[in-house]
Amino acid sequence: AHVCREKWQNHLDTRLIKGHWTLEEDYTIIKNRLLLGKKWSLIAKVFGRVRTEHMIKNRYKTILKKYSLKKGIRAI
């Protein structure tokens with residue numbers, strides 16, 4: 001049952017947005033990461049469950065990587 005629920009929540013739920021990330025979403029991730037730390041499930045709730053905690057964590061890492069390469073600074 002656990003595997004089925006996880007599969008639904010992370011892959012099959014039709015409410016999930018699987019497309020491009022907006023600047024507003026990136027800002028929301030960064031802001032909430034600074035406020036809440038690495039509590040990805042809490043940050044996912046801010047998104048209304050249209051993005052999973054895995055999606056958010058991966059996007060955060062992508063943002064940091066992109067910004068670090070452009071600015072030559074270390075990640076938070």
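Q: How many aromatic pairs are counted?
A: This is a predicted model, in which local features need pLDDT of at least 70, side-chain atom pairs count only at pLDDT 80 or more, and totals for chains, interfaces and linings use all residues. Residues are numbered from 1 along each chain as its sequence is written, and side-chain values use heavy atoms, leaving out hydrogens and water. Rings of Phe, Tyr and Trp (its six-membered ring) pair if their centres lie within 6.5 Å, and planes under 30 degrees apart count as stacked, over 60 as edge-to-face and the rest as tilted. By this rule, the count is two aromatic pairs.

Q: How many residues apart in sequence are the parts tied together by Trp21 and Phe47?
A: These two rings form an edge-to-face pair, 6.3 Å centre to centre with 80 degrees between the planes. Trp21 lies in the loop between helices H1 and H2 and Phe47 in the loop between H3 and H4, so the parts tied together are separated in sequence by 26 residues.

Q: Is Phe47 buried or exposed?
A: Buried means under 20% relative accessible area, exposed over 50%, and partly exposed in between (1.4 Å probe, protein chains only). Because its relative accessible area is 12%, Phe47 is buried.

Q: Which helices hold Trp40 and Tyr60?
A: Their ring centres are 5.4 Å apart and their planes stand at 50 degrees, so the pair is tilted. Helices (H or I, at least four residues) are DSSP runs, numbered from the N terminus. The pair ties together parts that are 20 residues apart in sequence, because Trp40 lies in helix H3 and Tyr60 in helix H4.

Key:
Helix = DSSP H or I, 4+ residues; strand = E, 2+ residues; numbered from the N terminus.
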